[in-house]
Structures are given as structure tokens and as C-alpha cells.
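Subject: Structure handover and notes

Hello,

My notes follow below it.

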Amino acid sequence: MKILITGAASGIAYLAALTLAERGHFVYLTCHNEKEVLKVKEKVNMYKNIEVLKIDITKEQDRKKVVDLNIDVLLSNAAIGNSGSILESNIEDVRKIFETNLFSSLKLIQDVLKQMIEKDNGKIIVMSSLAAEISIPFLGVYSATKASISSIIKSLRLELNTLDTKVDVAIIEPGLYHTGFNNYLIDSKYDEGKYFKKISDTLYNLEHSFLYLFEKKNLDSIVVQIVRAIEDEDMKKVYKAPFMQSFFVKLISFFN
């Protein structure tokens, strides 16, 4: 299969790209900018079935590039982080994260989906987050973008069920994995603001301790779920990992 993965310069998506290539698929590994492209090309030059591309999903011309490739699977992973109190969030920053994580992602999904329906074949898999299912203080805006895209994809799946098509969509919900992204989210929220300043040091230490204890250092469990979603003949609605984190999120959601 021809698989395109957005936002795959590092982390889970990068490892998924390598794994899928090793399993015989052709992978378009996309990065946000040319600097990332050059760096990743050096790392994957031994793979003949990986092509590294610059795709910024917020740019219409880049989204058109994806459609022109006529892919079999889109793994929509590109996203940006945002943290801090809702009380002090800059509305323009809120717009920016929704523009990337929701609106631009959805536009790319729409464009690719229409092509897949025309040829009656294809899969679209969206990387959401376990954060979409629970309320997390100081991570509300990021969680909201993930909850929004998850809700849209679940509704889209029901809509596709009314059509006579083999095209399907699914969601991947990773928990806490040690990729550096979670640390970035925590650190970026303490740059400014006054209302929570008195407890900022306590929050900082508590959150980093939490990550140290619960982040999964090995990414294999979530990559396995991505590969399953792509290769399963009958995709599930949602794939989650790691198991214990997804179990606790379900438990917390039940009591909230």
C-alpha cells in the first residue's frame, strides 16, 4: 500500500513510518519544513520505499500535493501543542492550534476522502489522543482540538456507513509516550501569566514527576496499533495504547 503520514519528522509517526516500510509498504514520510526534510532524508536513506516530502497541512498547495499522490492510506498525525490556563490563553494562539489540529487536518481529510470514494478504496486514520476523553487542567485547549477531531471522525464513520463504499476511517488514541512532546507542553505554559504564578513551581515539579513515572519510554505498543489499523481488513473505530493508561482514562471518564 501507498501510505502518507503527516507530521512524521520524529516520535511515534516517524517510528511508524520505518515499521511500515520494513513491512513492505511504500511510505510518504512528510515533514513540516525543508530543514526537517533534509535531516530526515539523511536518517532514512537506506530505505528505498520511503520518500520524504515537505507537507505543511495549513498550506493549500501542500494539501494538493497529497491528493496528487493518489495514496491508499492517510495517517493524519500533524499537530501542534498548546498549554496554559484557559483564563490566560491568547485567543490568537487558540485559533492557531485549532487551525492546525482541526481545520487544516479536516480539509486534508476531506480532499483525500473524496478521491478515495471515487476509486472505492482507502483508509484515513487520525492520530487523536487519550487527552480527548478527559478534562486536564492547563491542557484544555489542546485537549479540545483532539476531542473535536475525534468527534468529527466518529461522525464521519457513521456517514460513510450509509454509502456503498469500501473507504473507512478510524482514530488512534495514544497515551503518554516519551517523545519530548509532553515535556514541551508542560514547559511552555510557564512562560507568562500571573493568576497561577504562586503555584507554578509546585505544578511544574508535580507534572514532571508525573511524566517521569507514567510516560512509556518504548513506543512499540502504539506503533503496533497503528500498523493494525492500516493492515486490518475490518478496521475498528478506535485503537488505543498503552493499555493501562487507556483503562484508567476510561475509569476516570466513567466517574466524571
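One definition before the rest: buried means under 20% relative accessible area, exposed means over 50%, and partly exposed is in between (1.4 Å probe, protein chains only). This is a predicted model, in which local features need pLDDT of at least 70 and side-chain atom pairs count only at pLDDT 80 or more, while totals for chains, interfaces and linings use all residues. Residues are numbered from 1 along each chain as its sequence is written, and side-chain values use heavy atoms, with hydrogens and water left out.

Backbone first.

Aspartate 120 has a positive phi of about 55°, yet it is not a glycine. Aspartate 120 sits in the loop between H4 and E5. Helices (H or I, at least four residues) and strands (E, at least two) are DSSP runs, numbered from the N terminus. With a relative accessibility of 28%, aspartate 120 is partly exposed.

Phenylalanine 138 is not a glycine either, and its phi is positive at about 70°. Its place is the loop between E5 and H5. Phenylalanine 138 counts as buried because its relative accessibility is 17%.

There is also a cis peptide bond, between alanine 241 and proline 242, with omega about -5°. Proline 242 belongs to the loop between strand E7 (238-241) and H9.

Next, the surface around H9.

Phenylalanine 243 is part of helix H9 (residues 243-255). At 60% relative accessibility, phenylalanine 243 is exposed. A nonpolar surface patch is formed by Phe243, Met244, Phe247, Phe248, Leu251, Ile252, Phe254 and Phe255. Together they have about 910 Å² of accessible area. Patches take residues with over 30% relative accessible area and no salt bridge; like charges are joined within 9 Å, and nonpolar side chains (Val, Leu, Ile, Met, Phe, Trp, Tyr) within 5 Å. Areas come from the Shrake-Rupley method with a 1.4 Å probe; for residues, only the protein chains shown count as cover.

Now the cores.

A nonpolar core is a set of buried Ala, Val, Leu, Ile, Met, Phe, Trp, Tyr and Cys residues joined through side-chain atoms within 4.5 Å. The largest one has 38 residues. Ile5, Leu29 and Ile50 have the most contacts inside it. Helix H1 (residues 11-22) gives the largest share of this core, 8 residues. A second, separate core has 32 residues, among them Leu69, Leu74, Leu108 and Leu185.

What does isoleucine 50 contact, leaving aside neighbours within four places in sequence? The partners of isoleucine 50 are Ala17, Leu18, Ala21, Val27, Leu29 and Val44. Contact means heavy atoms within 4.5 Å.

Helix H5 comes next.

H5 (residues 140-161) has 22 residues. It reaches 32 Å from its first C-alpha to its last, close to the expected 32 Å at 1.5 Å a residue. The expected span is 1.5 Å times one less than the number of residues in the helix. Buried residues of H5 are Val141, Tyr142, Ser143, Thr145, Lys146, Ile149, Ser150, Ile153, Leu156, Arg157 and Leu160. Their cover includes helix H4 (91-119), strand E5 (123-127), strand E6 (168-174) and helix H6 (181-188).

Last, the charges.

The structure holds 10 salt bridges. A salt bridge is a side-chain nitrogen of Lys or Arg within 4 Å of a carboxyl oxygen of Asp or Glu.

Two of them involve H4. Lysine 107 and aspartate 111 pair at 2.7 Å, N to O. They are 4 residues apart in helix H4, about one turn. Lysine 107 is partly exposed, with a relative accessible area of 33%. Arginine 95 bridges to glutamate 92, with 3.3 Å between the closest N and O atoms. Arginine 95 and glutamate 92 are about one helical turn apart because 3 residues separate them in H4. Both arginine 95 and glutamate 92 are exposed. An α-helix has 3.6 residues a turn, so residues three or four places apart point the same way.

Aspartate 62 and lysine 54 form another salt bridge (2.8 Å, N to O). Aspartate 62 is buried at 2% relative accessibility, whereas lysine 54 is partly exposed at 22%.

Best wishes
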